Amino acid sequence: MQSSNLSSSVKWMLSGYMVMQHIESFKELAERSGIKYQTLNAHVKAPEQFRLYEIKALDKILVFRDEDLLTLMRGAGA
């Protein structure tokens, strides 16, 4: 998958989970997860830059389904 397609799908995926957890913005998600807002934005735009501990922090808050967690991890390993 191309980086821009991966970026779009990751952004939509995260946005969907944010709605389910009543998180209104990426800034709020950054605060709750302990990830700097600028870092989170950069990694949403380039998901291959996500670090495993960041994915774990997001999973703790958003509670990903297994297939979505794998999508993020594959992006992190690309």
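Reader: Which residues is Ile61 in contact with, leaving aside its neighbours within four places in sequence?

Author: Contact means heavy atoms within 4.5 Å. By that rule, and with neighbours within four places in sequence left aside, Ile61 touches Gln21, Ile23, Leu29, Arg32 and Ser33. This is a predicted model, so local features need pLDDT of at least 70 and side-chain atom pairs count only at pLDDT 80 or more, while totals for chains, interfaces and linings use all residues. Residues are numbered from 1 along each chain as its sequence is written, and side-chain values use heavy atoms, with hydrogens and water left out.

Reader: Is Ile61 buried or exposed?

Author: Start with the cut-offs. Buried means under 20% relative accessible area, exposed means over 50%, and partly exposed is in between (1.4 Å probe, protein chains only). Ile61 has a relative accessible area of 16%, so it is buried. Its place is in helix H4.

Reader: What counts as a helix, and how many are there?

Author: Helices (H or I, at least four residues) and strands (E, at least two) are DSSP runs, numbered from the N terminus. The protein chain has five helices and zero strands. Read from the N terminus, the order is α-α-α-α-α.

Reader: Where does Ser33 lie, and what does it touch?

Author: Ser33 lies in helix H2. Its relative accessibility is 13%, so it counts as buried. Apart from neighbours within four places in sequence, Ser33 is in contact with Ala57, Leu58 and Ile61.

Reader: How do I describe two packed helices?

Author: Two numbers do it: the angle between the axes and the distance between them. Axes are lines fitted to C-alpha atoms, for helices over the stretch in contact, and angles run from 0 to 180 degrees between N-to-C directions. Take H2 and H4 (residues 52-62). Their axes come within 9 Å and cross at roughly 105°. Angles under 35 degrees count as roughly parallel, over 145 as roughly antiparallel, 65 to 115 as roughly perpendicular and the rest as oblique. H2 and H4 are therefore roughly perpendicular to each other.

Reader: Which residues make the contact?

Author: H2 gives Leu29, Arg32 and Ser33, and H4 gives Ala57, Leu58, Ile61 and Leu62. By class, the contact has five nonpolar residues, one polar and one charged. The classes are these: Ala, Val, Leu, Ile, Met, Phe, Trp, Tyr, Cys and Pro are nonpolar, Asp, Glu, Lys and Arg are charged, and the others, Gly among them, are polar.

Reader: Why do residues three or four places apart point the same way in an α-helix?

Author: An α-helix has 3.6 residues a turn, so such residues point the same way. Now the case here. In H2 (residues 26-33), Phe26, Leu29, Ala30 and Ser33 are buried. Seen down the axis, they fall within an arc of 100°, so they line one face of H2. The arc is that of the directions from the helix axis to the C-beta atoms.

Reader: Which residues are buried in H3?

Author: Leu40, His43 and Val44 are buried there. They cover an arc of only 105° around the axis, which puts them on the same side of H3. The face turned away from that buried side carries the exposed residues Gln38 and Lys45.

Reader: What follows H2?

Author: Gly34 does, with a positive phi near 80°. Its place is in the loop between H2 and helix H3 (37-45). With a relative accessible area of 66%, Gly34 is exposed.
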